[in-house]
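Dear colleague,

Please find below the sequence and the structure that I am handing over to you. My notes on what was found follow directly after.

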There are 2 protein chains.
Amino acid sequence: MDRQATPSDLIGRFAAIVGEANALRDERDIAPRLVENRGLYRGASPMVLRPGSTEEVSRILSLATETRTPIVPQTGNTGLVGGQTPSSSGNELIVSLERMHRIRDVDPVANVLVADGGAILADVQKAAADVNRLFPLSLGSEGTCRIGGNLSTNAGGTAVLAYGNMRQLCLGLEVVLPTGEIWDGLRRLKKDNTGYDLRDLFIGAEGTLGIITGAVLRLFPQPVGHQVAFAGVSSPADALRLFEKASNLCGTALTGFELMPRIGIEFTTRHIESVRDPLSEPHPWYALIDISTSDSAETAQTMVEALLSAGVEEGIVRDAVIASSVAQQQALWHMRESMSDAQKPEGGSIKHDVSVPISKVPTFMERAESAVLAAMPGARICAFGHLGDGNIHYNISQPVGADKTEFLARWHEINEIVHAIVRDMDGSISAEHGIGQLKRDELARIRPPIEIDLMRRIKWSFDPAGIMNPGKVISL
Amino acid sequence: MDRQATPSDLIGRFAAIVGEANALRDERDIAPRLVENRGLYRGASPMVLRPGSTEEVSRILSLATETRTPIVPQTGNTGLVGGQTPSSSGNELIVSLERMHRIRDVDPVANVLVADGGAILADVQKAAADVNRLFPLSLGSEGTCRIGGNLSTNAGGTAVLAYGNMRQLCLGLEVVLPTGEIWDGLRRLKKDNTGYDLRDLFIGAEGTLGIITGAVLRLFPQPVGHQVAFAGVSSPADALRLFEKASNLCGTALTGFELMPRIGIEFTTRHIESVRDPLSEPHPWYALIDISTSDSAETAQTMVEALLSAGVEEGIVRDAVIASSVAQQQALWHMRESMSDAQKPEGGSIKHDVSVPISKVPTFMERAESAVLAAMPGARICAFGHLGDGNIHYNISQPVGADKTEFLARWHEINEIVHAIVRDMDGSISAEHGIGQLKRDELARIRPPIEIDLMRRIKWSFDPAGIMNPGKVISL
């Protein structure tokens, strides 16, 4: 498709839909929307449109299809694969849902909450808590990220183990299609087998099939008992043994099981205010264990104590602490959630978001470490993540004293080394962050051609003008 | 599309793919595949093909697309909406997966099982149990139905409350596309955000987008504690109160909560051998409560006792019994599962498979009963089902002494009365059985046109020759 700079009269027609005050054309207003957190992508755009209603989104997309104007949807701009960043062509308009942030309805009896696509995750969590319910999605960026983006990336986070990711947390959607048509699929039903699963198709499509403007989300009872423990272990293999034990003992009461390396504890205690090492001696690896029970607080306490004593007895747990207050529980989680930020002062970080079958995590860790250190002696591997889901954020901080630019220039080379091992172990190169721009070409290379072809067929049948977030997920 | 009887040379080409022994052309062999359980549909077909491998399925579909020969996939032939029954045109070939019934792999460490599309559900359950794991899908037809059909209808059943339906129980698929191409999506990962969700699109597509030839299924730990209770209550509203109590008390340990009416107990005790009324006095409604715990057997016992005493204390539970042996647990479940069969000796039964938001079930029951009895005095409403999912099988047995044919002739009229109430309450006209032929036109009538249009776009982009199970789910 031949694209040129958007003509100014066309810009005016788009601006008229939302009103001048919500059509940002000043470079200073646009600039923050052109970059993403990691600084991997920097795009260009003549205008940011801030619609105030589903109807306005519909008119924008209808005009976009008519005039073949490419559109990049954006919510909290916290994505990690460049899915929300426009290309450098300068002819893509950004549609930001930031003004559409309402909680439309909360129903604690039916256990559902209906939110705009631009509702901030933390606001949704709070609205649920206000009626004594839990919305379990929990991410480091929850104060900034928004539901439309969470859905478009099928977000995961730390509670997937017990509650699933966004596909499991959503009952219905409202979507504006690239043609401007509105699909009202805001159903509140747990069971509904009436035709193809359009909902799960839009969830995880990274804004390439339409814009999610509203969603029915599932709420859960607030747990009655809650315990958080932190255990030092010798290896990922021992952490896995502890996970299996926890899984058998706690069943679905096991609401989190995170793995962290010693270097991650060093980084967080060094750089993140208020983080202290909870154990007196250092250990090679750590497990963060979260248990939530619905019957009684005592059950959670019995479970966590039984788990840790069995772990100590069998020589799996070297040392452990159980949080004795809500503040201590939050402090343990804060350490885990700031692990990525704590890497920043240490220089560049080459990141991966991979998954392998859970039983293969220890072998993956060993193989990846050997391969990475062989390619880059001195690399500081800070691999942490959701062990219970087989999902590891395999982050690599630069060697001490290395040049950051030179280090980051090897991003794709190191990715290729790690991803080759992941593929060999039947894993995924994007467990939860999505594809965006970052992994688009790699996905096309490693997946059977029929799979990419089926995605293209869906894309073209939903977006015949190819205007929705072009160049993301699949090339056209 | 203009269709004519399949020419005999073409029949021969299809037969050659599977070999003559597996190309059934004798009417007596074909006949059982032309009818479905309820006798609502009777189709015609010149041949049943029984491929022995994914490769053979691929060659069949490739030839079908090339020659525009319509194909009807069939597994256990237990579907309840005519999705597996050919049309009366006589030009559709049946492809039966009955020879592809292998369990390909069982991995109790990774908690996955890989099965052929033709594997019988009970065999999958047994293979899981053999390694001390649970495959939780449980249906009345589990001895006959097969995994490909369970997936194609996104089957639900009695354990959805705790474990979800087939979409939640499946990690990966192998699918032969209408063009004969094979998609190998047999992944074993819990988290994998790499592009559009093709898996959930094939699941629930009722064989209209391809044939599912293999699947990676999730296994779970076998529960340690298990308790089944049966309680008499006054009304669906009281049953709902008891469900909420059970939900809060047991959390995810609540693995089943079924609602049954007095007339259902009368039918089963009258017609099903070995079924006895477990309570000494009759009650208007009954709840079957299933609790499974992973930590200890005592927890399940404590939970069930606490639940029932709270229920009695608050006047919700009129009387109750806790099964004291595995045999008694099975007997209670057998009563529930034979409720549909027990209606048969009572004459015709007009059936519905609806869902409404859980909190609205009691109101739905009242409204539907008034409306049905106003239209058909003497109708015997035997409405039972998965209260915890808001899913009611709203079955209506004919009035005593009525003419069965005349009664069944009012099927659509009565459907319309019940479904109008369901729609008014934002419910679903097919909670778990699917659309098939039975509800295709109604779905098109009640859903927004854009929704049916999106399904059509997907259908044509996957099946350009329109050969896959034509006329099911959507008309073309």
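**Findings**

Leaving aside residues up to four places away in sequence, B:Gln329 touches B:His226, B:Gln227, B:Val228 and B:Ala323, where contact means heavy atoms within 4.5 Å. B:Gln329 sits in helix 12 (residues 326-337) of chain B; helices (H or I, at least four residues) and strands (E, at least two) are DSSP runs, numbered from the N terminus. Because its relative accessibility is 10%, B:Gln329 counts as buried. Here buried means under 20% relative accessible area, exposed over 50%, and partly exposed in between (1.4 Å probe, protein chains only).

Please note that this is a predicted model, in which local features need pLDDT of at least 70 and side-chain atom pairs count only at pLDDT 80 or more, while totals for chains, interfaces and linings use all residues. Residues are numbered from 1 along each chain as its sequence is written, chains are lettered from A and ligands numbered from 1 in the order in which they are written, and side-chain values use heavy atoms, with hydrogens and water left out.

**The two copies**

A rotation of 180° with 0.0 Å of shift along its axis superposes chain B on chain A, with an RMSD of 0.0 Å. That is the relation of a two-fold axis. The same surface serves both copies, since 100% of the contact residues of chain B recur in chain A. The superposition is by least squares on the C-alpha atoms of residues with pLDDT of at least 70 in both copies.

**Chain A as a whole**

Chain A has 17 helices and 19 strands. Its radius of gyration is 23 Å, close to the 23 Å that the globule rule gives for 476 residues, so chain A is as compact as a globular protein of that length. The radius is taken over C-alpha atoms, and the rule is 2.2 Å times the number of residues to the power 0.38. Along the principal axes, the C-alpha atoms of chain A fill a box of roughly 75 × 55 × 45 Å. Of the 476 residues in chain A, 60% are buried. Among contacts in chain A between residues at least 6 apart in sequence, 74% join residues at least 24 apart. The accessible surface of chain A is about 16,900 Å², and 48% of that belongs to carbon and sulfur atoms; these areas come from the Shrake-Rupley method with a 1.4 Å probe, and for residues only the protein chains shown count as cover.

An unreviewed UniProt entry annotates residues 41-222 of chain A as "domain: FAD-binding PCMH-type". UniProt positions are given in the numbering used here, feature names are shortened, and annotations may be inferred rather than shown by experiment. Over residues 41-222, chain A is 24% helix and 24% strand, and the end C-alpha atoms are 39 Å apart.

Nine of the nine residues of strand 14 (residues 285-293) of chain A are buried, so strand 14 is largely enclosed by the rest of the structure. A:Trp285, A:Ala287, A:Ile289, A:Ile291 and A:Thr293 point one way from this strand, and A:Tyr286, A:Leu288, A:Asp290 and A:Ser292 the other way.

Strand 12 (residues 225-233) of chain A is mostly covered, with eight of its nine residues buried. Strands 12 and 14 of chain A pair in the antiparallel sense over nine bridges; two strands pair if DSSP finds at least two bridges between them. A:Gln227 stands opposite A:Ile291, and A:Phe230 has A:Leu288 as its bridge partner. Strand 12 of chain A is also joined to strand 15 (residues 317-322) by five bridges, again antiparallel, and there A:Ala229 is partnered by A:Ile322. Strand 13 of chain A runs antiparallel to strand 14, with seven bridges joining them, including that of A:Gly256 with A:Asp290.

In helix 10 (residues 262-271) of chain A, A:Ile263, A:Gly264, A:Ile265, A:Phe267 and A:Thr268 are buried. The cover over the buried residues of helix 10 includes strands 12, 13 and 14 and helix 12 of chain A.

B:Gly466 lies in the segment after helix 17 (449-462) of chain B. At 1% relative accessibility, B:Gly466 counts as buried. The C-alpha atoms of B:Gly466 and B:Pro178 are separated by 8.3 Å, although the two residues are 288 apart along the chain.

With kind regards
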